[in-house]
Amino acid sequence: MTEPTTGPAPFVGRAEDVARLRQAVRAAAAGSGGLLLVGGPAGIGKTRLVEEALRQAPGVVWGRAVDDPGAPPLWPWRRVLQACPEVGTAVAVALAGTDLAGTDLAGTEPTGGPAGDPEAARFRFIASATDALLLAAAAQPLVVVLEDLHWADETSLRLLHHLAGEVHRSRLLVIGTHRDPATGPDRLGTALPELLRRPGTTRLDLGPLDRDAVRAHLAATTPGPVDEALVADVHRRCGGNPLYLQVLAQAGGGDVGAQVRHVVRTSLATLPGRAVDLLRTAAVLGEEVDPALLAAVAGRPPDDVRAGLDAAVRAGVLVAAPDAPGQRRFTHAVIRDGVYADLPPSDREALHRRVAEVWERSVGVDDESAGIVAGHWLRAASDGTTLRRASSLARRAATAATRSLALDEAARFLLTAWDAAVRAGAGESERAELLVELATAEFRAGRLAIGLRHASEASVTAAACRRPELVAAAALVVHDVNGPGVAAAVGAMCERALADGAVDARPALRSRLLAQHASVLADAGRLTAAGRLAAEALALAEETNEATAVVDAVRARMKAGQDGLDAAERARLGDLAVRHATVTGRPLAELWGAKWRIDAFLELGDVRGVDTELHRVTALAQRAPLPLVRWHDLRLRASIAARRGRYAEAVAWNAEAGRVGASELADDPSTVGMSGAFLQWHAQVTGDPRVLAGAPLAVLDQVDDIPVVVASRAVVALLLGHREEAEARWAGLRELLADPDFAAGPGVVVTVVPLVEEFADAEATHRLTRLVGRPVAGTGAGVYALGSTAALLARLAAVRGDWDEAIARFEEALASDVRTDARPAAVNDRMGLAGALLARGEPAGAPRAATLARAARAEASRLGMPVRERQAAELAECAQRALRRGDPLTRREREVAELVAAALTNRQIAEHLVLSERTVESHVRNILAKLHLTSRTHLAATVGAGSGPAGGQPRAATAARASRMQAGTPTPP
């Protein structure tokens with residue numbers, strides 16, 4: 001055996017893996033970049049593989065995550081940014097002017113500029129960094145290596161996730177190494193599945209070396225011939241792990257873990273004592289070794305330190321960092337851990353104190369190092385003074401992280417500050433302040449449950465120590481979300497804050513608290529109380545004209561229910577939200593305002609207003625390309641385009657919205673479900689259920705039983721031809737519609753109308769007619785913009801057989817839809833009106849019905865609605881036959897009459913024609929009435945004798961069929 005050393009070992013095996021990495025480099029140079037994740041257990045050779053594969057590659061930049069909870073955010077990317085100045089400049093510009101840390105505790109006035117939306121600001125920053133990296137690679141192919149991603153902070157992983165979605169179309173290759181299974185916080189484990197779904201991301205899992213590789217290693221490191229028994233023994237005990245192979249080959253038999261420790265101790269034993277002291281101090285500092293910092297902490301001359309580090313490199317304990325000239329690092333994290341673990345606890349604590357003291361006194365603590373120094377203080381001792389110092393530095397690190405939009409890291413630092421302050425015996429007032437800061441950071445980072453708990457605790461603590469401004473701040477932490485326990489907890493905090501008379505002296509703050517309370521009451525379904533508080537909040541907000549208060553109050557007023565708010569008032573409130581959202585830097589508030597105005601203008605039939613607001617949303621999506629904003633932009637464009645019959649655009653935008661929902665808003669399945677809902681309505685409006693093939697409709701069974709989803713399940717079953725399932729679901733729906741809250745749910749009434757038509761439920765039409773209320777020009781901009789609701793009233797009237805009402809309402813709908821360019825709706829209006837005219841049976845009806853049907857056919861052809869085109873042609877032919885022969889029976893009625901004459905029962909007829917018995921019974925009654933007969937026997941005799949008209953088209957059933965056509969309900973052949 002040779003002398004034990006942990007120095008560089010021969011590189012053996014991995015030929016295929018090296019070839020794969022080099023091929024990825026060549027592909028990136030040719031314009032097909034990607035993200036390649038290299039995983040495997042500790043010591044498997046991830047870094048060594050990457051070094052070998054990239055040895056001759058140009059344009060390689062390295063970054064590393066470190067095992068230090070105090071490390072500043074984006075640490076793996078910092079050297080990348082330093083190596084690419086243009087990228088660093090773009091990131092600095094993205095961060096400029098964003099100071100979330102400057103918002104005061106009550107959140108009403110920022111001390112450093114407008115209090116922008118943190119998620120929007122972070123997205124802009126990440127998008128800017130991504131664009132800059134791609135631009136840098138466009139000029140010259142670039143390879144970025146990010147090591148030890150299992151220790152990466154949340155913000156670093158977010159940037160990697162965003163970059164992974166764009167890199168496949170660039171000359172940028174990102175190689176990330178990580179332990180698998182990961183050690184430390186499992187942030188990567190959470191992010192990895194989504195990373196692997198990004199286009200261009202591939203995975204390379206390093207397995208153990210085989211016997212041939214072990215033999216080659218032993219041949220290169222052991223003098224003399226290699227004993228095959230030794231090869232087998234070493235391979236068995238090292239498990240093919242290159243690090244353990246190296247240790248076992250040098251140190252002999254025994255337990256692998258024990259041999260690692262043995263090799264570390266033996267390597268240190270070969271060094272001078274002063275060099276060993278340096279390594280122990282270096283192990284306390286971390287895996288990476290900065291000679292200048294080590295000299296300051298150790299109190300040794302720089303030349304002495306460099307000599308000691310060079311000796312450690314020769315001993316194989318340290319290596320020169322390939323990505324940072326002059327820097328050193330431990331050969332492997334396992335080696336550093338061994339050195340650190342061998343330190344007696346008292347020595348370890350003394351060294352951490354020494355590091356913290358010298359860093360503060362000689363090096364100086366800045367925002368970047370505050371968290372690191374706080375970590376050293378925490379590991380130095382547990383006395384109150386030390387813990388308070390650690391808490392103070394952790395708060396500073398949190399402030400810096402917030403300013404850098406590293407929201408997850410800000411929450412982590414604040415939790416450290418809170419724990420240290422509590423251990424130091426902080427009083428109630430200090431704890432209340434820290435809890436508000438911690439809760440705010442946690443909520444911004446998306447940790448709703450823990451943020452809510454800490455906000456509630458802060459509220460109680462602040463009230464106990466008479467800090468009303470903190471009570472108010474705690475109540476405003478969690479907002480614009482709903483979930484288990486949120487309404488009750490936030491409501492209690494709002495009541496506690498509003499009960500303090502000090503709040504009355506600050507009208508803007510009182511308005512925000514009232515709006516917050518109204519919002520959670522609305523979420524809990526207490527709309528009356530919510531409306532009262534929201535109205536008071538809005539009055540105060542408009543009086544003070546404070547931007548944040550106005551935005552919050554308008555949002556609360558809209559959430560509390562739009563009853564009593566006409567379209568003009570909703571448009572005004574939307575305008576308020578848009579104008580004040582711009583001032584506050586809250587793009588989502590601007591989005592809501594624009595959406596409210598689109599809905600209002602659609603209802604009013606203001607085509608120009610709709611287009612203006614639609615352009616506003618598109619511009620907002622370009623200016624602040626948050627996934628949610630882009631998703632709404634695509635949804636709105638698809639919806640309005642469909643209303644105007646621009647189906648190719650509409651379907652394409654809907655599909656893109658579905659992709660954004662699935663990839664970037666995956667936490668909310670409703671974003672994908674909305675694309676399925678679009679296709680559901682597309683099938684109903686066009687009459688063609690084939691568009692549902694492969695649609696994302698399975699989400700209907702994965703979401704809660706909210707009213708519109710329950711109704712949609714029945715309609716989808718009907719559209720897909722599952723009539724029995726649809727009928728069973730409709731039976732349950734009829735009972736639910738008796739509940740006012742269910743029936744008044746958004747989209748419920750318009751959704752269930754085709755079910756009422758299909759199952760000829762005249763009784764249900766009365767309740768639904770009341771719920772439709774006053775007709776408006778259009779609805780449904782968020783999913784699929786429909787035409788005038790007068791058409792709904794017409795269809796319901798047709799089910800009742802009230803033809804005068806149906807005709808009047810269809811006339812009203814047609815005039816409105818033509819005026820507002822709702823072209824597909826106008827096609828269906830013409831068909832419904834033609835059917836109703838024929839059903840009424842007046843002589844003058846047939847000529848106009850024929851004209852309307854021909855016009856509907858021509859327009860359907862222009863719009864690309866082949867099913868409607870065919871149905872309109874059939875309707876026109878029916879009108880012509882009615883003119884020629886005047887047969888009072890519809891084709892369906894004629895079929896039923898002939899089957900009655902053949903002595904079939906109603907059940908047999910229903911099975912034969914794929915109808916319900918109830919529908920057959922209705923047909924038989926209509927036939928008897930039209931032919932002036934009194935029984936089935938007379939009917940059989942009449943039809944069997946061949947008497948009576950031989951053809952013709954419907955009266956009552958004509959309208960029912962036309963209504964089904966309009967609803968998109970498939971009509972059996």
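In what order do the five strands of the open sheet lie?

**View 1. The open sheet of five strands in the predicted model.** The strands follow the order β2-β3-β4-β1-β5, and their pairing is parallel. At the edges lie β2, residues 60-64, and β5, residues 201-205; each of these two strands pairs on one side only. On average, neighbouring strands of the sheet are turned by 20° against each other, with direction ignored.

View 2. Among the residues involved, Leu-35 has Thr-201 of β5 as its bridge partner. Strands of a sheet pair through backbone hydrogen bonds, in either a parallel or an antiparallel manner.

**View 3. Packing of helices α28 and α29.** Helix α28 spans residues 587-604 and helix α29 spans residues 607-623. Their axes are 8 Å apart and meet at an angle of about 160°. Because angles over 145 degrees count as roughly antiparallel, α28 and α29 are roughly antiparallel to each other. The crossing of α28 past α29 is left-handed.

**View 4. Residues at the contact of α28 with α29.** From α28, the contact includes Pro-587, Leu-591, Ala-594, Ile-598, Phe-601 and Leu-602, together with Glu-590 and Arg-597. From α29, the contributing residues include Val-610, Leu-614, Val-617 and Leu-620, as well as Gly-609, Glu-613, Arg-616 and Arg-623. The residues of this contact divide into ten nonpolar, one polar and five charged.

How values were computed. Residues are numbered from 1 along each chain as its sequence is written. This is a predicted model: local features need pLDDT of at least 70, side-chain atom pairs count only at pLDDT 80 or more; totals for chains, interfaces and linings use all residues. Side-chain values use heavy atoms; hydrogens and water are left out. Two strands pair if DSSP finds at least two bridges between them. Helices (H or I, at least four residues) and strands (E, at least two) are DSSP runs, numbered from the N terminus. Axes are lines fitted to C-alpha atoms, for helices over the stretch in contact, and angles run from 0 to 180 degrees between N-to-C directions. Angles under 35 degrees count as roughly parallel, over 145 as roughly antiparallel, 65 to 115 as roughly perpendicular and the rest as oblique. A crossing is left-handed if the near helix is turned anticlockwise from the far one by less than a right angle, and right-handed if clockwise. Contact means heavy atoms within 4.5 Å. Ala, Val, Leu, Ile, Met, Phe, Trp, Tyr, Cys and Pro count as nonpolar, Asp, Glu, Lys and Arg as charged, and the others, Gly among them, as polar.
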